[in-house]
Amino acid sequence: MKRFFNFIKLVFVAPTMFFTRLHSNKLDFEGKFHLTRIWANFILRGLSVRIKVKNANLIPLEDGYTFISNHDSNYDGLLMISANPLDFSFFVKEKTRLPYMTAFLKLIDTIFYSTATIADDLIAMSQKLSQKHNFHLFINDPKEASISSDLLNAAYLSKTAIIPVAIRNAKSIMKFGLNTITVSFCTPLHFEEYGPLSPRDTLTEITKRIENELKEG
C-alpha cells in the first residue's frame, strides 16, 4: 500500500524527472551524480525514510574505492546514493533496476555486466578505479546467494581499497510511519592487507566486517 501511495505521488513529478534526466547530458559526472542524489533523496523522503550514516570518517581522503554492501532491499541503491558522501558508479548485473530511477543508472556511468562481458567489464572497472573513480557493488542479491569472489578482481588489478558497508533495517522501508535505516561504513581493506589473500578469503573478510557491524547495531 505504501508503494502505491508513493507511486501516485511520483506520477506528478515524472515529467520533471524525465526532462532533468534528458537535459543532464551537458553536465560533468559530478553534476550528474548530484542530480541523481537529489531525486534519490526526494523518493526516500516520500517513503518517510530517515537515513543515519555512521563512520563516514573511515573513508580515506582519496578516491578510487570499491564499496561493497549487503543487499536486502530493492531500494538499497537509492539508500547508498543518498548516504555515501562520495560520488560513485554501480557495478551490477545487466538487468538490474533502480526503483523509479533506472534511467539514472546509465547517467552515473553504471557498468552492467553479463556472463559474456564480465571479464572485460572488470578490466574497465579496474582502469577507472586507478583513475580515482569509485564503484559500489552488492555482496549478495535479495533473492540469491552471495556474489562470486571474481567480482573483486578489479580491486586486485588496480590495487585500490575496498570499503565494506553495512545497511541495517532496509527491509522496513515499506512499513508505514517514519523508518530509520542505518548505513555504516566499516574499516577499509587496503591492498597491503588483502593483496596476499585469495579473492575468496577477501570476500569472507568483507562479509565478516559487514556482519559484525550489523550485530553491533
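Author: Asn84 sits in the loop between α3 and β3; helices here are DSSP runs of H or I with at least four residues, strands are runs of E with at least two, and both are numbered from the N terminus. Bear in mind that this is a predicted model, where local features need pLDDT of at least 70 and side-chain atom pairs count only at pLDDT 80 or more, while totals for chains, interfaces and linings use all residues. Residues are numbered from 1 along each chain as its sequence is written, and side-chain values use heavy atoms, with hydrogens and water left out.

Asn84 counts as buried because its relative accessibility is 1% (buried is under 20% relative accessible area, exposed over 50%, partly exposed in between, with a 1.4 Å probe and protein chains only). Setting aside neighbours within four places in sequence, Asn84 is in contact with Arg37, Ile59, Phe67 and Phe185, contact being heavy atoms within 4.5 Å. Val53 is 31 residues from Asn84 in sequence, yet their C-alphas are 8.3 Å apart.

α2 (residues 29–46) packs on α3 (residues 76–83) at an angle of about 120°, with the axes 9 Å apart; axes are lines fitted to C-alpha atoms, for helices over the stretch in contact, and angles run from 0 to 180 degrees between N-to-C directions. So α2 is oblique to α3, given that under 35 degrees is roughly parallel, over 145 roughly antiparallel, 65 to 115 roughly perpendicular and the rest oblique. On the α2 side the contact uses Phe33, Thr36, Arg37, Ala40, Asn41, Ile43 and Leu44, and α3 brings Leu78, Leu79, Ile81 and Ser82.

Asn84's partners Phe67 and Phe185 turn up again in the largest nonpolar core. A core is a set of buried Ala, Val, Leu, Ile, Met, Phe, Trp, Tyr and Cys residues joined through side-chain atoms within 4.5 Å. Among the elements giving it two or more residues are α1 (2–22), α2, α3 and β3 (89–93), and α2 gives the most, six. As for Met101, beyond residues up to four places away in sequence, Met17, Thr36, Trp39, Ala40, Ile43 and Leu78 touch it. Another core, of 23 residues, lies apart from the largest one and includes Phe135, Leu152, Ile162 and Tyr194.
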